Amino acid sequence: MKMNAYFEKWSAVILTASLVLVSVLPAFAFPKVVNAAANYVISGALTVNGLQVDAGGIASANTYTGQGTAQFISISWNFVGNGSTYETLADHNTLIFLNGDKGPNKTILDTPWDASHTYSVPGTYTIRALIHHSQPSGNESGDQIFTQTVEIETQCDDDADNDDDGLTDYPADPGCEGEDDDDEFNAPPPVLGCTDPDATNFNPNATQDDGSCTYPVPGCTNPVATNYNPLATVDDGSCVFPPDPVPGCTDPDAINYNPNATTDDGSCTYPVLGCTNPNATNYNPLATPGNADAQNCTFPVLGCTDPEANNYNPTATEDDDSCTYNPAPTDTTPPASQFDNNRSHEIIETELLTLSLTGSSTDDFLGIKSGVDSAELKIFKIADDTVVQSSNFNEQFEQMSCSSSEGQIPIEIVALSLVSIDPLPLNTTWSHNWTPSRGVYCFEVNAKDKAGNEEHTAIAGPFAYTFTPPPPPPPPLPPPPSDSGPSSRSGDFRGSSGQVLGASTVLGASCGLYMDKFVRSGRTNDVEQVKKLQTFLNKWMNSDLPVTGFYGPLTLKVLNAFQEKYASEILTPWGLSGPTGIAYLTTLRWINMLECPDLALQIPALIEWSRNPNAPR
């Protein structure tokens, strides 16, 4: 409460002074104490905030005398003599005595008081507070008086920047309309709009009319009415409507003509000419019964209507599925194939990396031709290395025939890629590169046409591959001892023992050789080395080879792809343009380099397979 606040602030102040009038600025003033009677004291202070004045202080008496019911405190906010109006602040029921109750024992009065007043206009006002001890109220002899004069100034005449805009008072601050203006804050910008509540676009938030008001236009707003007003905004109930129309067909030629209809509703229907007999060939399901053409019907003539049939009836109008035909001719002649070189009793004694098998297949014969669809090469091994090495091999070879391969299981079956010479295709060519091992072979091509006819006539051979590698040269003498320490053997990928040089021959290597023996299809290979090769190809070529240790067609195919992928490292040093399928010098070097880059192996001396004593036979 304000009263308690003033009491706490001024209860320790006991001053006596003569009555004075002072001008109070808008701040707390020093308390003024009036002591007209020695035992009565009233003190107070004022705070001015614009047009509002807050007053308060302490009223005390020691020793108190007087009637308890007549004791009270009052204040006049504009004292102009005995005719001033007083406001009671505290009466005998709220006064505070420090001893005793209200009665003969109460002798020490100590009561805080406070009051607040807001003036309607600025000016100079005299504020008087009284403490009474007798009746009636007023400025009675012996009553204590607190009087102070205050000048109330507006915000626009108080020498202060009340709105913190850097401008002070009228006329410098645009928020002031005059010195009597108690609001220095800048007025908000006007809100433009229509301020007339009767207008259709009335804006209740507008503070300044901008002349945009629009007003309703009464009239008929129904477009169907004869007096429709498109400019009307408010229907005034004046609409006039024509008589209700009678919808219907208004065309006298229609079969549903309505003479009473006043408005055509699009429902007119007209007779449809045509045959109404469902069994007639010219039956019109939309024809109107009883129309002029209702009996003008034609009826079907059943029979075969296909001119290509044996029993074609040119007078038939409706096919009765009775047509008969001669059997259609078909392709019954199988295709024929031939090798460009039948290699009959051919013997090759020199080293052969690949054997090119080429030929053609045709279905270009008299009669129906369906075209070559596929061709398959089968390779048979009819004698192995033991026969080739026998003393009477030549005599045996002269007696051999590829007809003896019938019933044998081919060692390899290849689906040939056909190159078409004509669009059907009637004539095709094919080729296949194959790497032989020592033995005697027969070749057979089976072609099939698109009609399913298959031939078994293309045979080549017998063909003998008898290449025998020369005996290995004697091992080189070991080099003399040297203090220069170990070093790598650049160019020579294999040692005299037939093993690939190990990681110990390469300085600084953190891993060893992955493979150290050569591998070739059709040779007696080291099973563990083949398994390593298959594991390596699965890893580096993303293949799915079974790791069996057998070097078959699947492993050969993936190794060929590996050699083509790294041709610059494997094939180019030999001057080759295609893969060999042999895990030999440059192939093993690159396998070991991929598995252990620290080896930094040099390209070895390129020794032909037939001249390398360490190559498997």
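Domain bounds here come from an automatic or database domain assignment. Keep in mind that this is a predicted model, where local features need pLDDT of at least 70, side-chain atom pairs count only at pLDDT 80 or more, and totals for chains, interfaces and linings use all residues. Residues are numbered from 1 along each chain as its sequence is written, and side-chain values use heavy atoms, with hydrogens and water left out.

**View 1. The largest pocket lies between two domains.** Domain 2 (336-465) and domain 3 (519-611) both supply lining residues, so the largest pocket sits between them. How is a pocket found? On a 1 Å grid over the protein atoms alone, a pocket is an open set of points with protein on both sides within 12 Å along at least five of seven lines, and a lining residue has an atom within 4 Å of a point. The space inside comes to about 1100 Å³, a volume being the space filled by probe spheres set on the points, with grid points joined across faces, edges and corners.

**View 2. A closer look at the lining of the largest pocket.** There are 38 lining residues, and Glu412, Trp434, Thr435, Ser521 and Leu556 lie nearest the centre. Strand 22, strand 24 (427-434), helix 4 (527-540) and helix 5 (553-565) are the elements that give two or more residues. Helix 5 gives the most, with five. (Helices, H or I with at least four residues, and strands, E with at least two, are DSSP runs numbered from the N terminus.) By type, the lining splits into 17 nonpolar, 14 polar and seven charged residues. For that count, Ala, Val, Leu, Ile, Met, Phe, Trp, Tyr, Cys and Pro are nonpolar, Asp, Glu, Lys and Arg are charged, and the others, Gly among them, are polar.

**View 3. Cys275 and Cys297 are joined by a disulfide.** A search of the whole structure turns up eight disulfides, each a pair of cysteine sulfur atoms within 2.5 Å. In this one, the S to S distance is 1.8 Å. The torsion about the S-S bond is about 105 degrees, so the link is right-handed. Cys275 and Cys297 both lie in the loop between strand 15 (263-264) and strand 16 (302-303), so the pair ties together parts that are 22 residues apart in sequence. Both cysteines are buried, where buried means under 20% relative accessible area, exposed means over 50%, and partly exposed is in between (1.4 Å probe, protein chains only).

**View 4. Cys402 and Cys442 form a left-handed disulfide.** Their sulfur atoms are 2.2 Å apart, and the angle about the S-S bond is -95 degrees. Cys402 is in the loop between helix 3 (393-399) and strand 22 (412-415), while Cys442 is in strand 25 (residues 439-449), 40 residues apart. Cys402 and Cys442 are both buried.

**View 5. Cys511 and Cys596 link distant parts of the chain.** Cys511 is in the loop between strand 26 (458-465) and strand 27 (519-520), and Cys596 is in the segment after helix 7 (585-595), 85 residues apart. The sulfur atoms are 1.6 Å apart, and 100 degrees about the S-S bond makes this link right-handed. Is Cys596 buried or exposed? Cys596 is buried, at 0% relative accessible area, whereas Cys511 counts as partly exposed at 28%.

View 6. Two strands pair if DSSP finds at least two bridges between them. Strand 18 and strand 20 (residues 355-362) are joined by four, and Ala336 stands opposite Thr362 in strand 20.

Conventions:
On a 1 Å grid over the protein atoms alone, a cavity is a set of points where a 1.4 Å probe fits but cannot get out, and a pocket is an open set with protein on both sides within 12 Å along at least five of seven lines; lining residues have an atom within 4 Å of a point.
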